[in-house]
Amino acid sequence: MTMRSGITRRRFLQGSSAMVGLTAAGRAPAFAQGSKLHVLRWVDFIPACDVELKKQAGEASKLLGADVQFEFINANDLQPRITASIQSQSGPDIIHMLHNWPHLYENGLLDVSDVAAWQAKDQGGFYAQSETYTKVGGRFMALPHSIVPGLIAYRKSWFDEIGVTTFPKTYDELRAVGTKLKKKGHPYGQTLGHTFGDAPAWAYPLMWNFGGMETDRGGKTAIDSKGSVEAVKFMTAFWKDACDEGGLAWDDTNNNRAFLGGEICATLNGASIYIAAKRGQEKIKDERGEPLVRDIQHARLPAGPAGSWSYHTAFAHGVMKYTKNPKLAKDFLKWFHGQDAFGRWFEVAEGFSVGATKRWERHPLWNTIDEPMKGFRTAPDNSRTMGFAGPPSAKATEVYSKYVIVDMFAKGVQGGSPDEAVKWAAAELKKIYG
Amino acid sequence: MVIEKPWKRWVYFYIPLTVFLIGTLFPFYWMLITAIRPDAELYRSWRAVNNAPFWTLHPTLEHFRDLFEKTTFPHWLWNTFFIAVVSTGISLFCGLLAGYALARLKFPMAGALGTSIFVTYLVPPTLLFIPLADIIRNFQLGNTPWALILTYPTFLIPFCTWLLMGYFKTIPKELEECARIDGATRFGAMVRIIFPIAVPGILSAGIFAFTLSWNEFIYALVFLSSPERKTVPVGVVSEMIRGDIYFWGQLMAGALLGSIPVALVYSFFVEYYVTGLTGSVKG
Amino acid sequence: MKKPIAGGTNGAVVVALPHPGTRRTRRLTRFLESERLLASLLLAPTVVLLGTFIAYPFVSGVWLSLSDTSVGNVGHFVGLKNFAKAWDDSIFQQAFRNTFFYTFWATIFKLALGMWLAMLLNRSFRGKRLVRASMLLPFIIPTVLSTFAWRWMFDPTFSVLNWLLFRTGFIVNKIPFLSDGVYGMWCAIAVNTWRGMPFFAITLLAGLQTINPDLHEAASLDGANGWQRFWHVTWPLLKPVTLVVVVFSIIQTFSDFQLIYVLTGGGPANATHLLATYAYQVGVATGLLGEGAAISLFMLPVLFVVVWVQLRYLRRLEGA
């Protein structure tokens with residue numbers, strides 16, 4: 001850590017309330033010798049973050065007098081592990097929860113409302129999305145940790161070449177611009193495959209911004225509407241005119257590679273493309289031999305006729321009900337989500353992950369961060385939740401896990417009529433929601 | 001001897017064989033090239049002018065080095081080897097005894113038992129592994145190699161039994177009867193006469209079981225969680241794909257190194273393998 | 001020292017001259033003379049292992065399929081509701097069709113190519129052992145890893161196959177290997193064939209080597225050409241082996257999970273899902289354990305019928 005970030009961090013913390021908890025007291029509570037805490041998280045798209053976490057594990061172990069171990073697995077493998085762990089009532093003590101998984105796994109999780117209340121108070125309140133996703137029936141079943149916002153990363157120089165100096169503000173404009181760029185060999189890149197992050201982050205807002213929705217406020221399926229059909233119609237045309245048609249087979253990594261390899265002009269993603277380009281400046285160059293990172297800008301998703309919503313992935317930590325060390329787990333989370341530990345991790349993330357609480361918008365990191373990254377600071381403010389307009393219940397998670405919304409667009413794009421695609425999605429939703 | 005003209009030999013033999021060889025081995029060549037290619041070359045676009053996918057001018061061993069230094073790959077090799085050897089041993093033991101019993105002994109329900117052992121082979125692992133997770137937890141075997149060593153025989157034993165049954169059937173009954181006339185016990189005859197003759201079959205079943213065990217993925221994925229305990233397939237897949245990035249260089253290096261032990265086993269035993277199959281096939 | 005007994009039939013009792021201190025072994029060996037007891041002893045380890053680790057989970061799995069268990073929630077008996085729901089599910093129907101399609105074509109290709117390769121390898125030539133050993137490589141390498149290599153070769157952006165076809169002028173646009181449902185299915189079949197063909201080849205080779213070359217000699221003297229020799233001499237003698245290999249291959253291919261999971265994940269848009277991968281996605285990834293178990297169970301009757309038919313045929317062949 002450089003001198004500069006060290007000073008800013010101290011100044012930041014001085015201005016906030018005194019650090020409550022174990023770090024200030026400096027004493028290790030009396031846990032049974034040999035207590036272990038196994039924390040399962042995804043493999044972060046920013047490798048340096050996981051390095052930082054391994055370091056923090058050592059610190060936490062000393063502070064808590066127990067053996068804290070992190071395990072990192074692929075995000076796609078998290079749900080199978082959670083299922084196996086809950087069913088066999090054994091496994092990691094704390095598991096990473098994405099999206100609205102706390103609603104799905106409610107019966108396997110411990111109530112952490114007390115820690116949540118503390119965190120909200122300590123850090124200025126949760127974002128609406130983070131809170132809705134972790135609060136089930138009035139109780140917090142997981143502790144919100146962070147959000148990975150998604151913005152469209154694009155190649156400024158290519159857009160400038162065709163006279164587009166600001167990023168398109170509506171979907172139709174995007175399609176027009178994308179068509180021109182595809183003709184020049186630089187299509188837009190979007191995945192419609194079964195990915196946990198990029199595909200839903202595009203599909204759900206596209207549906208919402210044209211007026212479609214999964215359910216109405218009462219929880220009845222409402223997807224069979226003109227808005228949804230318009231959205232699919234747009235996607236079909238957009239795909240042919242402006243997109244890299246290999247996107248149906250892409251997973252969450254293909255668009256990163258395609259962008260860094262100079263294949264596509266823009267793509268919706270978290271900040272990992274920019275950060276990878278920056279870290280690998282020596283190796284990742286554009287056609288002119290310049291570091292690619294200098295040509296990357298970010299913009300929000302365009303607006304549709306019915307709004308300009310986005311979808312960002314919220315992350316939380318859930319304490320499993322079967323854990324033998326509930327108090328240890330909660331104490332660990334209190335330290336881990338506290339301003340000191342979280343703050344350090346946040347800095348290492350360099351803007352890829354933002355906090356689940358609003359205070360991190362004011363972190364000095366944002367003052368010194370590269371210009372193109374500044375958009376990520378307030379990105380989470382226009383995110384809706386899955387299951388809109390109903391609650392993000394376990395049924396909404398089922399819809400997500402079965403990729404119904406994503407496949408609705410995939411079907412349209414593969415040659416089905418928009419009406420049929422929407423009708424198929426409506427039938428699938430009906431089976432799930434009843 | 002069937003004599004054929006030279007041109008026929010080329011058309012009907014050498015050319016097809018070469019095509020088969022290329023088709024079979026090209027992916028391995030590709031894996032090798034990827035494993036020794038420096039990172040900068042790995043991600044060049046397919047239309048780039050200087051793209052040379054079939055060779056590299058700057059071979060590097062950095063991926064292999066990273067594999068050994070930055071990951072717990074040696075652990076995975078050992079784990080996989082240990083699990084494969086022990087579960088093969090168990091399966092051969094059970095299969096040998098069961099195969100003999102089903103092939104040679106008369107007892108009630110012989111047919112039904114034989115069929116039911118075979119039927120267990122049909123049960124899909126995707127059905128079994130959540131209930132198995134329960135059992136593993138009850139025996140407290142989670143995250144230990146024993147979880148796999150005890151579950152792998154479930155698909156290894158039926159095959160071994162079946163193969164050895166076929167093999168035993170080809171051994172003439174007279175051999176045993178002579179031995180017993182000479183005063184050997186049934187058990188003694190079995191162990192001292194029949195089993196040694198069946199060694200090619202045993203080796204054959206053993207090699208096949210070893211391969212299946214080395215290859216297994218889904219049980220290993222679910223029952224093992226610590227990085228040091230993982231097997232090669234699970235470890236390579238879960239540790240080499242870190243979020244956004246596939247470490248293709250290391251992945252391919254891991255894939256190649258992960259196949260070497262099995263390839264070695266085969267190179268010693270392939271002749272036995274073929275003769276073993278011949279024996280059981282005759283039955 | 002043992003005395004021979006005239007007319008040694010099964011079940012004859014062994015007479016042994018008194019050995020010092022071996023009363024217990026004598027009684028034990030006498031026990032083991034009984035076929036039934038020996039059989040029980042020999043089969044015990046197998047029965048225990050398979051009983052604990054297959055029979056019990058199988059029953060448990062069947063119970064799961066008849067309940068509405070989802071992760072973390074206790075299930076209640078719901079009869080055949082999960083099966084009905086699966087049957088109505090369009091993704092399930094796609095997966096069901098895919099599984100048949102995949103198994104059918106992959107088996108045919110593996111059989112044809114395996115047979116051809118076996119015949120080629122049956123001849124003696126220089127380097128035969130090396131070639132035979134290297135032919136086994138696709139079978140040796142863990143499926144997950146080789147499938148990753150194939151996935152890299154089919155990659156939408158960096159595919160080496162596309163590059164090759166482009167440079168040699170065969171194509172102008174990239175072939176959507178894995179981004180198109182139909183192409184994706186054929187790619188999966190190709191990878192499965194690549195991986196499974198060696199097993200067919202080696203096993204059929206073993207069978208070929210049991211065929212007396214004199215038979216071929218005689219046939220060719222009678223004026224039969226290559227194809228006729230194959231059809232009338234080789235094939236009938238190979239049928240038992242072939243059937244056995246085909247049965248095992250069908251079982252493996254029908255319940256295949258790893259290949260599709262790694263190559264396409266069931267995509268694009270569920271176009272390449274097989275029953276096993278779909279069951280995994282529904283049961284484990286989504287947490288709907290009851291439904292996932294039901295989908296898995298659909299595989300069982302089909303496999304049973306296929307295998308039963310083939311084994312009957314095999315028994316008929318052997319009897320003939």
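Student: Into which domains is chain C divided?

Tutor: A domain is read as one or more stretches of a chain, listed by residue number. In this predicted model, chain C is split into domain 1, covering 23-57, and domain 2, covering 90-319. The C-alpha centres of domain 1 of chain C and domain 2 of chain C are separated by 38 Å.

Student: How many helices and strands does chain C have?

Tutor: One counts each kind of element and then follows the order along the sequence. Chain C contains 14 helices and zero strands, and its pattern accordingly reads α-α-α-α-α-α-α-α-α-α-α-α-α-α.

Student: What share of chain C counts as buried?

Tutor: Burial is judged from the number of neighbours around a residue. Of the 320 residues of chain C, 46% count as buried. A further reading concerns sequence separation: among contacts in chain C with a separation of 6 or more, 67% are between residues 24 or more positions apart.

Student: How many residues of chain C are in contact with chain B?

Tutor: An interface is described from each of its sides. Here 83 residues of chain C are in contact with 77 residues of chain B. On the side of chain C, helix 2 (residues 35-65) gives the largest share, namely 17 residues. That side of chain C, sorted by class, has 56 nonpolar, 21 polar and six charged residues.

Student: Which residues touch the most other members of the largest nonpolar core?

Tutor: In soluble globular proteins, nonpolar side chains tend to be buried together. The largest nonpolar core in this model has 295 residues, and those touching the most other members are A:Phe332, B:Leu164, B:Ala255, C:Ala201 and C:Leu275. Helix 4 (residues 73-104) of chain B gives the most to this core, with 14 residues. For one of the residues named, A:Phe332, the contacts beyond four places in sequence are A:Leu37, A:Ala60, A:Leu64 and A:Val68.

Student: How is chain A divided into domains?

Tutor: Domain 1 of chain A comprises 31-149 + 312-381, and domain 2 of chain A comprises 151-311 + 391-433. Their C-alpha centres lie 27 Å apart. The contact involves 23 residues from domain 1 of chain A and 21 residues from domain 2 of chain A.

Student: Which helices supply at least two residues of the side of domain 1 of chain A that touches domain 2 of chain A?

Tutor: They are helix 5 (101-104) and helix 7 (128-134) of chain A. Helix 5 of chain A gives the most to this side, with three residues. By class, the side of domain 1 that touches domain 2 in chain A has 13 nonpolar, nine polar and one charged residues.

Student: At what angle do the axes of helix 9 and helix 11 of chain A cross?

Tutor: The direction of each helix is taken from its N to its C end. The axes of helix 9 (residues 171-183) and helix 11 (residues 226-242) of chain A come within 8 Å and cross at roughly 20 degrees. Angles under 35 degrees count as roughly parallel, so helix 9 and helix 11 of chain A are roughly parallel to each other. Among the residues that meet are A:Tyr171 and A:Arg175 in helix 9, and A:Phe234 and A:Ala237 in helix 11. The residues of this contact between helix 9 and helix 11 of chain A comprise five nonpolar, two polar and three charged.

Student: Is A:Lys183 buried or exposed?

Tutor: A:Lys183 belongs to helix 9 of chain A. A residue is exposed if 12 or fewer other C-beta atoms lie within 10 Å of its own; A:Lys183 has 12, and is therefore exposed.

Definitions and conventions. Residues numbered from 1 in each chain as written. Chains lettered and ligands numbered in written order. Predicted model: local features only at pLDDT ≥ 70, side-chain atom pairs only at ≥ 80, totals over all residues. Core = buried A, V, L, I, M, F, W, Y, C linked by C-beta atoms within 7 Å. Buried ≥ 20, exposed ≤ 12 C-beta atoms within 10 Å, placed from the backbone. Helix = DSSP H or I, 4+ residues; strand = E, 2+ residues; numbered from the N terminus. Contact = placed C-beta atoms within 7 Å. Domains from an automatic or database assignment. Nonpolar A, V, L, I, M, F, W, Y, C, P; charged D, E, K, R; others polar. Axes fitted to C-alpha atoms, helices over the stretch in contact; angles between N-to-C directions. Parallel < 35°, antiparallel > 145°, perpendicular 65-115°, else oblique.
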